[in-house]
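Reader: I would like to learn how to read a protein structure, one feature at a time. Please show me the structure before we start.

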Amino acid sequence: MTSERRASAGKGSARPGTVVGVTPQDTVPPDTAQGPWSCRLHVVTGKGGTGKTTAAAALAVALATGGRRVLLTEVEGRQQIAQLFDTPPLPYAERKVASAPGGGEVFALAIDAEEALLEYLEMFYNLRRAGKALGKIGAIDFATTIAPGVRDVLLTGKVKEAVNRPDATRSGGKAYDAVVLDAPPTGRIARFLNVSAEVAGLAKVGPIRTQADSVMAAMRSATTTVHFVTLLEEMPIQETVDGVAELKAAGLAVGGVIVNMIRKPLLAAEDIERAGADELDLEELAAGVKEAGIQPSAELVGALATQAAQHARRVLLETAERAEVEALGRPVYELPLVADGVDVGVIYQFAELLRTQRMVG
């Protein structure tokens, strides 16, 4: 861990971060006393491979617990939500994918840029037929390819519409109590959300600019926050540090940091220090092997000492990376490593863990 990384991690932090739900004395920092769960739009991002879709799904179930209705959305066209909940591929229509404890419901939507444009044209200009004609000749793909900012406006615009959609039949007056967005990875999250800047060179006035400004107002609203999912590894942590800085510079609110795939140390603290420095007592290790009913050969003891050293170095590295996460000054939540893969049951377990750690009230 370099001094430059430490400096970037701590820059702009009013107070050290807090690991929520790890020890009884842990508390939520004063600047997040109400918690990110008070928001209506939860954007979840993370480096590829960190499990951001799993975390987003768990957050959606956690938010829905107690009778709420939550929409879980994705925008990358990979149908990962359907895979997680073991359902057929999602159409461009909101579909119930899960029930939450206490009567809650989780709906899901895979947002497609072309369908979002057709819906936009129909909603505001009654031009859906014209939009379909444009789609047939490839004009929509062409436009969104040469101007990626337009695609992001369409995708985030649909998310904004779901957040604000009225429903007079529900107590809160909205169709959904909360919306969770499984967003693009950290390397692209600031550009994806900062749509006004992305289309600034494309449209100074007109409907696209108006839509971008409307979306930007929603993204900068006090009811929107962005959560980061990371691992205790150098590259994911660095991307998280950089992503947090970029969002703050763009005036976007940062919520919590979900540290995924946590593995508990297998050795006591003093043994980790000794093993990491290759100072384990081999005679003591051999005695422990013998007590377990195994003949402690030199090869076996040597192999165990090597494994212990590797484990200790990983734990020490993770401890250093954890300090970088805490230096961001955001609430930190933890999800364990699941050896057998993630299924629907794991999603519910993770949702309960997030509730236990007070990410969701």
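This is a predicted model: local features need pLDDT of at least 70, side-chain atom pairs count only at pLDDT 80 or more; totals for chains, interfaces and linings use all residues.

Reader: What percentage of the residues is buried?

Author: Buried means under 20% relative accessible area, exposed means over 50%, and partly exposed is in between (1.4 Å probe, protein chains only). Of the 361 residues in the protein, 47% are buried.

Reader: How many helices and strands does the protein have?

Author: Helices (H or I, at least four residues) and strands (E, at least two) are DSSP runs, numbered from the N terminus. The protein has 15 helices and 9 strands.

Reader: How is the packing of two helices described?

Author: Two packed helices are described by the angle between their axes and the distance between the axes. Axes are lines fitted to C-alpha atoms, for helices over the stretch in contact, and angles run from 0 to 180 degrees between N-to-C directions. Angles under 35 degrees count as roughly parallel, over 145 as roughly antiparallel, 65 to 115 as roughly perpendicular and the rest as oblique. Take H11 (residues 234–249) and H14 (residues 298–326): their angle is about 10° and their axes are 10 Å apart, so the two helices are roughly parallel.

Reader: Which residues of H11 and H14 meet?

Author: Contact means heavy atoms within 4.5 Å. Glu234, Ile237 and Val241 in H11 meet Glu321, Glu324 and Val325 in H14. By class, this contact has 3 nonpolar, no polar and 3 charged residues. Ala, Val, Leu, Ile, Met, Phe, Trp, Tyr, Cys and Pro count as nonpolar, Asp, Glu, Lys and Arg as charged, and the others, Gly among them, as polar.

Reader: At what angle do H12 and H14 pack?

Author: H12 (residues 269–276) packs against H14 at about 110°, with the axes 8 Å apart. These two helices are therefore roughly perpendicular. Residues of H12 in the contact include Ile272 and Ala275, and those of H14 include Ala308 and Leu316. The contact has 7 nonpolar, 1 polar and 2 charged residues.

Reader: Is phi negative or positive for most residues other than glycine?

Author: Most residues other than glycine have a negative phi. Gln79 is not a glycine, yet its phi is positive, about 55°; this residue lies in the loop between S3 (69–74) and H3 (80–84). Asp86 also has a positive phi of about 55°, and its place is the loop between H3 and S4 (95–100). Asp86 is exposed, with a relative accessible area of 68%.

Reader: Which side chain has a polar contact with that of Glu334?

Author: A polar contact is a pair of N or O atoms within 3.5 Å; within protein, one must be able to donate a hydrogen and the other to accept it, and residues adjacent in sequence count only if both atoms are side-chain atoms. The side chain of Glu334 is joined to that of Arg322 by a polar contact of 2.2 Å. Glu334 lies in S9 (residues 331–336) and is buried, with a relative accessible area of 15%.

Conventions
Residues are numbered from 1 along each chain as its sequence is written. Side-chain values use heavy atoms; hydrogens and water are left out.
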